[in-house]
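Subject: Structure handover

Hi,

Here is the structure for you to look at. My notes come after it.

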Amino acid sequence: FAPSSSDDDHASSSSSSSSSQTTSRIPSQCSEVDVVVTQSSAGRCVLLGEGVGERVSRRVFDENLGSWEPVSRLKESKQRMPSDTTRNRARALEARLLGKLDEVKATLEPLLRDAAATGTDPAYAETMGSTKGAVLLMCVNAGNLDLLLNFVASARHKDIDVSNLVVFAADLEVERALKATKIRAFRHAALGDFKGDAARSYGDHQFVEMMWLKITCVFLVNSLGYDLLFQDADLVWWRSPWPYFASRPDVDSFWMDDGARTSRFAPHFPNTGFYLLRANKRTRLFNNQLLGGYAAVLAWQSHQALVSQVLAEAQALFGLTVHILHKELFPSGKQFHHNRPLFDRIHNHEFTPFCFHMCWTAGKDDKLKFLKQESLWFLPDRPKCHLDALIRHPDAILKNCLTLPAANNGSSSSST
C-alpha cells in the first residue's frame, strides 16, 4: 500500500475488501507498507530482506540438486505452456475479431446504449462518473438457455429490474429464443463459431470454447465505455446488487470469492462467473491483456486461472483496485456445499444474500438438481419449458414459461 491520490480517472481506493480496517492499524509514520500473503504450513517459511526495489520469488529445496530452486505457479498447479498449435488457434480467433473490430463495435453500441438508458440502476448511476451507463452482461449457448431464462424468472419473482441485460448469443438458437422473449441479444460472425451443447464438466472442450466468448464480450463492452456486471447463467438473485456496488465508487473491480485456495487462483481467488468492472483506463488495459492471453486459457483449460494471474499483475503494475465480495452476501457453490447453516438461514428467511452462483458442480445435471432441490428453479417444471422445447419453439416461451417484467422491453440486435 502507499498513500492514495485521485484524479479525474483514478479515485482513491483500497485494494481489497478489508483495507479500511487494515489502514486503521498502520502507524502514521509509514509512507509505504509492503504486504506478504502466504499459506501457513509447517514447512513454509517467509524470509524478509531489505533491499532496493521489489524482488519476490518462491523457492523450494531440490533434493536432487542439493540447492534451493525457484518454483513457478505454473509447475506447482500442473499447468502446461501453450503449444505452437494452441497459440496459432488463439491468434486466428483474435485476428478474426480485430479485423472486424470497428464493425462489431458499431453494431453493438446502439444495443448497449438502449440497455443502459433503460435499466441503469439510479443509485449506481450517481457513481458512474464519465462512463456511458451500466449493463448486466451474459454470454450463453443453446445448452444453457434454460439456466439463463431461470435467472430472468428469478429476478421477476423478486421484482428486480434486469432491463439492462444484454446477452451475447453463441448460436442462432439462442438468438432466436431471446428475440422471442424480448431480451437484448447480440451475435456476430467475427466472434467465432460455437457449438450449442452445455459443458459436461469444468474445463472440457465445450467449456473452454465458450471462454473465448466470455473474454470478448467483456472486452467489447468495456472498450465502448460502459460499466458492466458480468455473470454466468447459473445464478439467481434475491436482491439487486447494484446499490452495493454504488456504495464503493472508488473500486475498479468487484469479484465473487470463488472459495478455492490453491496457488492456481492466488492471491485474490476470484470467481469469474460474477464480477463488476467500471470502465476506465485500468480496466481497459486489463481486458486487453486477457484478450491476448486466450492461448493460456486453451492450454490451462481455465479462464479463471488466467484472470487470477492477470488481475494480480494489473493491481501491482498499474493500480487496478480489487474488491473481493463477502462470501455470505454473494455465496458461490463452495458455500452451498460447505456452509449448510448459511442456506438454512436463507430458507428460514433469517438472512438474504444478494445472489447465489451454482458453481462447484460436476456438470449441468448437478446444477439443475441442486437448484430445484433448493427451490431456486423458477421456470414451470413442465415439458413445454424443458430445454429441448425452449429451443424448438422459441415463440412459445413467453406464453408458456416466462412473462418478463414490463420494464424489460428491449429490442434485439444481431449481425452475422
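Below are the ground rules, then confidence, cysteines and the sheet.

This is a predicted model, so read the rules first: local features need pLDDT of at least 70, side-chain atom pairs count only at pLDDT 80 or more, and totals for chains, interfaces and linings use all residues. Residues are numbered from 1 along each chain as its sequence is written, and side-chain values use heavy atoms, with hydrogens and water left out.

Confidence

pLDDT is the predictor's confidence in each residue, from 0 to 100. The protein averages 85. At least 70 is reached by 78% of the residues. Two stretches need care. Residues 198–204 stay under 50 in pLDDT. The model gives them 22 contacts (heavy atoms within 4.5 Å) beyond four places in sequence. Residues 404–416 are also below 50. That stretch has 43 contacts beyond near neighbours in sequence. Where pLDDT is low, the predicted coordinates should not be read in detail.

Cysteines

A disulfide here is a pair of cysteine sulfur atoms within 2.5 Å. The count by that rule is one. It joins cysteine 385 and cysteine 401, with the sulfur atoms 2.1 Å apart. The link is left-handed, at -105° about the S-S bond. The two cysteines are 16 residues apart and link distant parts of the chain. Cysteine 385 lies in the loop between helix 15 (364–373) and helix 16 (387–392). Cysteine 401 lies in the segment after helix 17 (397–400). Helices (H or I, at least four residues) and strands (E, at least two) are DSSP runs, numbered from the N terminus.

Buried means under 20% relative accessible area, exposed over 50%, partly exposed in between (1.4 Å probe, protein chains only). Cysteine 385 is buried at 4%. Cysteine 401 is buried at 9%.

Cysteine 217 is buried, at 0%. Cysteine 355 is buried too, at 1%.

Sheet

Two strands pair if DSSP finds at least two bridges between them. Seven strands form an open, mixed sheet in the order 5-4-3-6-9-8-10. Strand 5 (184–186) and strand 10 (322–324) stand at the edges. Each has a single partner strand, so one side of each lacks a neighbour in the sheet. The twist averages 30° from one strand to the next; axes are lines fitted to C-alpha atoms, for helices over the stretch in contact, and angles run from 0 to 180 degrees between N-to-C directions. Strand 4 (residues 165–169) pairs with strand 5 in the parallel sense, over three bridges. Valine 167 has alanine 185 of strand 5 as its bridge partner.

Best wishes
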